[in-house]
Amino acid sequence: MSDTHVIFGTGPLGQSVMRELVRRGRPVRVVNRSGTAAVPAGVEVVRADALNPQSARAAVEGAAVVYQCAMPPYEQWVEAFPPLHTGILEAAEHAGAAFIFGDNLYMFGPVDGPISEDLPYGAQSGKPGTRAQLARQTQAAHDQGRVSAAMVRGSDFFGPGVTGSHMGERVFGFLLQGKPASVLWKPDQPHTYTYIEDFGRAMVNVAEAPDSHGRAWHVPAAETLTTEQFISLIGEEMGQPVRINAMSDLMRNLLGVFVPVLREMREVTYQFNQPFVIDGS
């Protein structure tokens, strides 16, 4: 086995893990379905299909650690996420590599109070239920001794390369263009946001501390603010006042008829209609 760190997925999280590994001087291989990605010199890019066992195993040959940062389109999570995740997990097991899953917080469902790592998984169906299924599968693989695994969980992203998040292009991008920030829900509820570089650093920290495997970790974040307060801080950094356009329930439901992602997000509206505070202590 070599000391190569293999990352499945080249979206914002995969890119942040890659940047952290490069900073630490680790050999890095990134894997996606196209075989192309914007990477610095020295980073290997491999084309592979996680649904094809031979392809996935070839992509992780010689790996010391496999980072699972890949996901299907949001509206396909229920059908497509389990086989994708299974393919990457089994490839890591075959290679004898550690398996670090970049996870989120859907599996808990609505929570009254801070979301800590020891809470039970309350989600039973839909995309939250799918996330609970993947978490249980990962934990079982570790408990059965098949692979040394851990889960690292963050909230909605912001930071370099993040465009599609709630705190992505429609906030930072619009403000930089002099437009009001556009948010999907009322911005008056406390909501923890995760800086993408913190997420990548946490993934690598856990990967390189084998005694931390066998459980889930929440990425530490700055003090939780309301979305409105968060956006105001952006305005302070820009040195100018900012405006916020919050989409009404009626408008969001109407647009959901034509925009699948908006329609699919109805089942997680609780994350924005009540406090969503992550405990990463």
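Let us start with the second largest pocket, where strand S10 (193-195) and helix H7 (227-238) each supply at least two residues of the lining. A pocket here is an open set of points on a 1 Å grid over the protein atoms alone, with protein on both sides within 12 Å along at least five of seven lines, and a lining residue has an atom within 4 Å of a point. Helices (H or I, at least four residues) and strands (E, at least two) are DSSP runs, numbered from the N terminus. This is a predicted model, in which local features need pLDDT of at least 70 and side-chain atom pairs count only at pLDDT 80 or more, while totals for chains, interfaces and linings use all residues. Residues are numbered from 1 along each chain as its sequence is written, and side-chain values use heavy atoms, with hydrogens and water left out.

The volume of this second largest pocket is about 270 Å³, where a volume is the space filled by probe spheres set on the grid points, which are joined across faces, edges and corners. Its lining has 17 residues, and Phe158, Ala222, Leu225, Phe230 and Leu233 are those nearest the centre. Which element gives the largest share of the lining? That is H7, with 4 residues. By class, the lining holds 10 nonpolar, 4 polar and 3 charged residues, where Ala, Val, Leu, Ile, Met, Phe, Trp, Tyr, Cys and Pro count as nonpolar, Asp, Glu, Lys and Arg as charged, and the others, Gly among them, as polar.

Just after H5 comes Gly178, which has a positive phi of about 80°.

Now to the sheet, which is open and built from 7 strands in the order S3-S2-S1-S4-S5-S6-S11, with parallel pairing. At its edges are strand S3 (44-47) and strand S11 (216-218), each of which pairs on one side only, and the twist from one strand to the next averages 20°. Two strands pair if DSSP finds at least two bridges between them; S5 (residues 98-103) and S6 (residues 149-153), for instance, pair in the parallel sense over 5 bridges, and Gly102 has Val152 in S6 as its bridge partner.

Helix H1 (residues 12-23) lies across strands S1 (4-8), S2 (28-32), S4 (63-68) and S5, and runs at about 165° to S1; here axes are lines fitted to C-alpha atoms, for helices over the stretch in contact, and angles run from 0 to 180 degrees between N-to-C directions. Contact means heavy atoms within 4.5 Å. Within helix H1 we find Glu20. Is Glu20 buried or exposed? Glu20 counts as buried because its relative accessible area is 6%, and, not counting residues up to four places away in sequence, Glu20 touches Gly200, Arg201 and Val204.

Finally, the structure holds 1 cavity of 30 Å³ or more, a cavity being a set of points where a 1.4 Å probe fits but cannot get out. The largest cavity has about 40 Å³ of space, and among its lining residues are Tyr270, Gln274 and Phe276.

How values were computed
Buried < 20%, exposed > 50% of the residue type's maximum accessible area, 1.4 Å probe, protein only.
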